[in-house]
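Please keep the model open while reading.

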Amino acid sequence: MTEIFDLAIIGAGPGGMSAALQAAEFGASVVVLDRKATPGGQIYRDVTQSPLLDPSVLGVEYTEGAELVNAFLEADIDRHQNADVWHIGENGEVLYSQDNQTHRLVARELIISPGAMERPFPIAGWHLPGVMTAGSAQVMLKSDGMVKDGAIFAGTGPLLYLIVAQYLRLGVTVNAVVDTTPAGGVGRALQHLGGALSKPAYLIKGLKLLNEIRKAGVPVFRHASELSVLGESKAVGLQFKQDGRTHSVNADHIFLHQGVIPNLNMTRALGMDHHWSEQQLCWTPTLDDWGQSSIPHIAVVGDAAGIQGAEAARHAGRLAALQVMHKLGKMDKADLKSMSVNHLKAMNSFKAFRRFLDAYYAPPTQQRIPTQNSTLVCRCEEQTVGQLRAGFEQGAKDPNALKALTRCGMGPCQGRQCGHTVSELLADWQSKPVSEVGYYRLRSPQKLLSIEELSHFQEVQPAPKPAEVSA
């Protein structure tokens, strides 16, 4: 028998948990599906059961999540962890894998919060063993208490410096920080200074991180460019240019990071409207202030809706849930307006601050759009710039045509890692805006499924449409 809910929420990060709590306060029947073993998302991963003796070394931005996670765990919410959603139907039907079995439920409204992913960093050698994202380094630290001595952290953005500082607080040595933030950051960001000054605590926190790294004596190479990983079968170091000189630093682990972008596989597979954000240099779902998407019964919150951070995600989750409660008839329009006003004001403040960060830490073109033919773009199908260029010269002018011709984007990640790079490469080769080039066309299932699991799913009758569902 199919379970029916007022609201299904996909993802238990700060946005998803906040939305669930808001909806539960109105007495709605709420189910949350989360692919991780514990709620919290990436930012609050394992915050209530950290493997570290002193989790406070990870910073207050981490430990403050425990209160939200505990409130979520104690609320009257139907929770499913290790639940990997692989299909969302137009009728509110949700199919998900749990314990190698496919399960099904139906919801009148959905809020999805699939989070962010790190921006691809396609440089020579980025596919070699020993090269990982800085986010992966943080995942190992939060979930298993694992670190790597003597690594290099390279790239740009606040998260990179936070992870370096977390390593240093634990006494882990860092061989070098190779900072690729282009020179002139203050000039680029100056027009958004008002937004930055509205969040002085964030500015102070950022300056403290940089000061921690400086005091630890870690070599910091600023405004570095032309990065390439050294090594044949595995990483042995990083080469780069700074002030016209070529530098090489030895390390068998290199953590790359140049910001985060929305994780689009779910929103794209749903056929949702998207646009290219020139501010954040990435594709983003097109949403209103409440997170409402172009699909009537689906809203998007958190960093999947555009990168704003954990605190903003909490407000976005509350806003989306309030609008859903209004749509379900659990509150009138006047109450929606009055209860939303503070959250909308907070979101505007975070957006203004984010414009400053995005301008200051804008990832350089040369590290988003690789030019060397030997550089790997699609790591799943091992497609290089040269092979993709050959496909383009044969007539593949958009990502889907290039995918059909070269198999780029057909691997296990379904283009999650190479999608943005392919869009920007094709736009560059045709001297067109990325918005005209487009993105991969994605479909369900949104994850790899075994034939055995599919064979267990016997139901073939379509679920009723959302309007026909009663909780």
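Helix H5 (residues 158–169) lies across strands E9, E10 and E15 (254–258). H5 runs at about 155 degrees to E9. Helices (H or I, at least four residues) and strands (E, at least two) are DSSP runs, numbered from the N terminus. Axes are lines fitted to C-alpha atoms, for helices over the stretch in contact, and angles run from 0 to 180 degrees between N-to-C directions.

The model is predicted: local features need pLDDT of at least 70, side-chain atom pairs count only at pLDDT 80 or more, and totals for chains, interfaces and linings use all residues. Residues are numbered from 1 along each chain as its sequence is written, and side-chain values use heavy atoms, with hydrogens and water left out.

**The parallel sheet**

Five strands make up an open sheet. Their order is E8-E15-E9-E10-E11, and the pairing is parallel. Two strands pair if DSSP finds at least two bridges between them. E8 (131–133) and E11 (220–221) stand at the edges with a single partner strand each, so one side of each has no neighbour in the sheet. Within the sheet, E9 (residues 151–156) and E10 (residues 174–179) are joined in the parallel sense by five bridges. Ala 154 stands opposite Val 178 in E10.

**The antiparallel sheet**

A three-stranded open sheet has the order E12-E13-E14, with antiparallel pairing. E12 (225–230) and E14 are the edge strands, each with a single partner, so one side of each is left without a neighbour in the sheet. The twist averages 20 degrees from one strand to the next.

E13 (residues 237–242) and E14 (residues 245–250) run antiparallel and are joined by six bridges. Phe 240 has His 247 in E14 as its bridge partner. Lys 241 stands opposite Thr 246 in E14. The two strands form a hairpin with two residues between them. In that turn, Asp 243 has a positive phi of about 55 degrees.

**Helix pairs**

| Pair | Axis separation | Crossing angle |
|---|---|---|
| H4 (residues 134–144) and H5 | within 10 Å | roughly 40 degrees |
| H10 (residues 310–327) and H11 (residues 333–360) | within 9 Å | roughly 160 degrees |
| H1 (residues 14–25) and H3 (residues 65–74) | 10 Å | about 45 degrees |

Angles under 35 degrees count as roughly parallel, over 145 as roughly antiparallel, 65 to 115 as roughly perpendicular and the rest as oblique. H10 is therefore roughly antiparallel to H11. H1 is oblique to H3. H4 and H5 are also oblique to each other.

The crossing of H4 and H5 is left-handed. So is that of H10 and H11. H1 also passes H3 in a left-handed crossing. A crossing is left-handed if the near helix is turned anticlockwise from the far one by less than a right angle, and right-handed if clockwise.

Contact means heavy atoms within 4.5 Å. In H4, Ala 134, Gly 135, Ala 137, Gln 138 and Leu 141 meet residues of H5, including Leu 159, Ile 163 and Tyr 167. The residues of this contact divide into eight nonpolar, three polar and no charged. Here Ala, Val, Leu, Ile, Met, Phe, Trp, Tyr, Cys and Pro count as nonpolar, Asp, Glu, Lys and Arg as charged, and the others, Gly among them, as polar.

The contact of H10 with H11 involves, among others, Glu 311, Arg 318 and Leu 322 in H10, and Lys 333, Met 339 and Phe 350 in H11. Its residues divide into ten nonpolar, five polar and three charged.

Pro 14, Met 17, Ser 18, Ala 20 and Leu 21 in H1 meet Leu 68, Val 69, Ala 71 and Phe 72 in H3. That contact has eight nonpolar residues, one polar and no charged.

**Backbone exceptions**

Most residues other than glycine have a negative phi, and most peptide bonds are trans. Asp 46 has a positive phi, near 55 degrees. Asp 46 lies in the loop between strand E2 (30–33) and helix H2 (60–63). The peptide bond from Ser 444 to Pro 445 is cis, with omega near 0 degrees. Pro 445 lies in the loop between helix H15 (434–437) and helix H16 (451–456).

**Annotated regions**

UniProt, in an unreviewed entry, places the feature "domain: FAD/NAD(P)-binding" at residues 5–126. UniProt positions are given in the numbering used here, feature names are shortened, and annotations may be inferred rather than shown by experiment. Over residues 5–126 the chain is 21% helix and 32% strand, with the end C-alpha atoms 44 Å apart.

The feature "domain: BFD-like [2Fe-2S]-binding" is placed by UniProt, also in an unreviewed entry, at residues 376–427. Over residues 376–427 the chain is 50% helix and 10% strand, and the end C-alpha atoms are 18 Å apart.
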